[in-house]
Each structure stands twice: as C-alpha cells, then as structure tokens.
Amino acid sequence: MHLTHPLELFPERSVTLLLFNRVRNAAALRKKAMEGSIEGALINPAMIVDPFQVLVAANKAVHLHKIGKMKTRTLNAEIIFNLSPNNNISDAFKKFGISDNDTAVLIVLVVDREKTVNLEDIASQVEGQQVSLDELPQLTDIAKVKKIYKITPQEEKIGTLLDGIICRISTKDV
Amino acid sequence: MGVLFTRSLGAQVVLPAKQWVLVVPRSRTGTAVPPVEAPRRILLRAGERRARRFPAAATEDCRSGERRACAVWRRGAVMAAADSAGTAGAEDGAGTGADGPGAGEVPPPLPGLQLVQQGAEARVYRGSFLGRPAVAKLRIPKLYRHPALEERLGRRRAAQEARSLLRCRRAGIPAPAVYFVDSVSNCIYLEDIVGAIAVQDHIYAVQRSGGDASSLLGLAERMGQLLARMHDEDLIHGDLTTSNVLLRPPAEQLDLVLIDFGLSFISGLPEDKGVDLYVLEKAFLSTHPDTETVFQALLQSYAAASKKSGPVIKRLDEVRLRGRKRSMIG
C-alpha cells in the first residue's frame, strides 16, 4: 500500500510514502507536525504529480542535511521547502504543506534502513483511510501545479509536466 | 683571497682557479643581502597574496624557499592520496579501464553503473536513479590546477550546465532533465535518453548505406530550427558537434535532443553565436566528408527560423576569414 524506495546515493537511507484520503483531523495533524510530535513530512497531495517528485526533493534534502547546508531547521521541513520553486520558506509551507481543511495527506518519511518504522503508529494518528499511491494522480490539481511551477506551454511539448517540475526542484539555488 | 666590492649589484671576485665563492647579492642601497633570504621573501609575498584570496590553501607548506618545485611536490602528494582513493573506487566494481580510477574520484554508487564515455572534461556513467534510467556526469579533476581553483571551476561548470539545461527546458528546447546536482563532488545526474543515437552515428550509417538522401537534409533543417531557437534565447552551447546532438528513435520523426552543456554560457552577441555556428561547421565538415550541402541547408534553415539571424550569419562569414592559414585581407 505504501511506497518505499531506497536512496541510491545514501545507502543507509530509504524514503517511505503514505497516502491518506478522507482525512478529518487535518488541523490537528498540522499542529502535531509543527510541534514535531509526528514523524515525517506532511505534504498536500494536490501539488504532487508523481511520487518521483517527492523522491527527488527528499534526495536533495538528505544530501543537504549530510553536508550541513540545509536552509530550514529539520529534514522534514527541508523536503517541503525543496518542493517549492521559490526560496520563500513560509510560502513553501503554505502551498506544499497541509492546511486545516485538507481532506488528503501525503506523509513522507526518511528512515535508516536498519530501523524498522512503525507505520501503523503513524496511520493510527491520522483519522482517515490509507490508500495506495496509485490513487495519487486523481488527487492532483494539475492546473494549480502548472501555475505554481510556472510551466510554459512550449515546455510541455518537449517533455512531461513531471520533467519540468523535477528540473526546477533540482536546479533551484544551484 | 680578496673579494672586491663594487657599486654594481653582485661582487667582482679575484679567484684562484677552481674555487667556489659565495656571491653576495646587493640591495639597491648597497648593503649586502644574504641570498637565501631574498628569494624566500618574494615567495612569501606571493603566498600571502594567494592565502588572502584562497584561505583554504593557506596552510600549505610548499611556499618555503627550499620547496620551490612545489607544483611537482604537491602533485605528488595529491596523486598518492588519489591513488589510494582510486584503488578503493576500483574495488567497487566500476569496471572502468586501466586509467579510470587513477585520476582520483570514486564513481557514483548507482545500481547498474557502467561507464559510457570518457571525454576530456568528464566521465559519463549510466545507471538508475530513484527508479529511473539516469546518466551521471562526473567531472575529472585536473591535478595540474591549484586545488582551490579546481574546486571552484568544477562547481561553476556543473552549475552552469544545470542552469543551461533548465533554461533550455523553459524555452522548449529538447534537453535532458536534471535530476540532481551534487555540489560536493560536482557531479550532475541527468535523465537518460534511452535508445537514442548520436547524429554523428546516424550520419555515418546513412552514408555507409547509400548517398545523403533527403533524410539528411530534413535532419539539417530540423537542427537549424533547433539552433535558431536556442540562439534566440541567447544561449550559446559552446561545444556544438554532431556527437552532442542525439536522435531519439524512430529516426524518421527527427526528434532531436541537445546534450553536453558543460561549456555553455548566456550571451546576446552575434559574435558568440557566430562562433558557436563556426564550431559546428568545423566539426561537421571534418567528421563527415562531402556534406557541404547538408550544412548549407542547416544554415538556411537557421536563417529562416531565427529572428536575429542576419548579424549572426554575417559574423559567421567574418569568423571564417580568421584563424590559421587565412589571409587577413579585407
């Protein structure tokens, strides 16, 4: 149901994605995330077109964490910040983090390979139904994504929307 | 044995045969300066200047007078360190050639890694990155350069390449997507265009199987349009050759992709665009004999597609008159 992918460049780490739909306690979850009492980054799935987008952002976040050059204070915040095309941290949270009346939540965890993660523990804190990541395309708001990432019409002729987004994530502030 | 001191620099000495004597260099005021101090003072000054600009290198000990051949000394030390790192890298099973790991960097730990190409600037590896076929471009460190300069240059080139690829994508010019830029090892991870062949290989195949039919002219037209769009964005590729343009299958669709933006930069000058086209012309005509008509078609298509092509073509004609064995008349 969930998706786990190892990070090739960081052999001890892997990324797990969990998608929840029909979530009722988004406000409480957001508060918990801000306090840091919930594991993982809480992301608005309407902004995500493909799990690869999150993997690239997480990969960059782990790299920056390793060399000590993160722009935010925690790894989870860095993942959300990396998803954003501009350099404003609070704007990134507003657009890519969850807001109080969201009905779907994507949770991203970066874990060490040896440590077993308690997924049920996290799932129990969410008052909603965990669904497979194959349902992610249905939750995506493509028009809003194009507007936020400023994807030009000629870009879509030479590649997919995902390619354009990945380019922006990886070359921001390079 | 007397030593005659004169007003001029140095001393005139009256010697018996075969006797060595210390020649004392003089400063301008006429006071003797011991020879071993003077060179060291000059070197330290250079070292101070360098240390101010590149503080990381300040702790290097090679600036003392005795170790004046410090370039060789430093290179020896770096090579020794690199060899040990290189042998560790070879054990990773990168499968590179005999000279592969010796240059001192470890290939990226991608699964399914294999060396595709080694150019002068970088090594290209193929592998999978986060589940997708990807290409990793690892810059070869040039050990004859000062390490601080090398690091700065490597970082700048990687950043330039990534930014140019983004600029291409924004403008609708087909180029690989950037997956990750590793600022520590100056390695960039790009989308792998699976199944594509270089235009160079395509032209070889066409020429071997029969004359340059209309397919090559169609290819040239498409390339001209692509380059026109690139130059209209004020993006100069810097290394235009037929091996830096890929053709995606099926070949009839003329789906071209530009790669290798390592030497690219932004410029609006017709001079730079003209030189870019001249580089392509030289590479084209030297690699593929009897293709003058093809290149002419490329230029015509470029002139038709680009809005600013007039000055560029004019500049190209001027650039052709420069260079070796050309008469500078007119």
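This is a predicted model: local features need pLDDT of at least 70, side-chain atom pairs count only at pLDDT 80 or more; totals for chains, interfaces and linings use all residues.
Chain B has an open sheet of three strands, ordered S8-S10-S11, and the pairing is antiparallel. At the edges sit strand S8 (197–198) and strand S11 (255–258) of chain B, each of which pairs on one side only. If you want to trace the pairing, go to strand S10 of chain B, residues 245–248: four bridges tie S10(B) to S11(B), and the two run antiparallel. Val245(B) has Leu258(B) in S11(B) as its bridge partner, while Arg248(B) stands opposite Asp255(B) in S11(B).

Now follow the chain around the turn. The hairpin of S10(B) and S11(B) has six residues between the strands, and Leu254(B) takes a positive phi there, near 50 degrees. What lies across these strands? Helix H5 of chain B, residues 214–232, lies across S10 and S11 of chain B. Its direction makes an angle of about 40 degrees with S11(B).

Next up is the interface. On the chain B side, 29 residues are in contact with 27 residues of chain A. Interface size is often quoted as the accessible area that is lost when the parts come together. For chain B and chain A the buried area is about 2,500 Å², with carbon and sulfur atoms giving 66% of that.

How about the polar side of things? Polar contacts do turn up between chain B and chain A, with six residue pairs counted, both residues at pLDDT 80 or more.

As for which elements do the touching, those giving two or more residues to the chain B side are strand S4 (122–129), helix H3 (147–171), strand S6 (178–182) and strand S7 (187–191) of chain B. H3(B) gives the most to that side, with seven residues. Sorted by type, the residues of chain B's side that touches chain A come out as 18 nonpolar, four polar and seven charged.

Key
Residues are numbered from 1 along each chain as its sequence is written. Chains are lettered from A and ligands numbered from 1 in the order in which they are written. Side-chain values use heavy atoms; hydrogens and water are left out. Two strands pair if DSSP finds at least two bridges between them. Contact means heavy atoms within 4.5 Å. Axes are lines fitted to C-alpha atoms, for helices over the stretch in contact, and angles run from 0 to 180 degrees between N-to-C directions. Buried area is the accessible area (1.4 Å probe) that two parts lose on being put together, summed over both. A polar contact is a pair of N or O atoms within 3.5 Å; within protein, one must be able to donate a hydrogen and the other to accept it, and residues adjacent in sequence count only if both atoms are side-chain atoms. Ala, Val, Leu, Ile, Met, Phe, Trp, Tyr, Cys and Pro count as nonpolar, Asp, Glu, Lys and Arg as charged, and the others, Gly among them, as polar.
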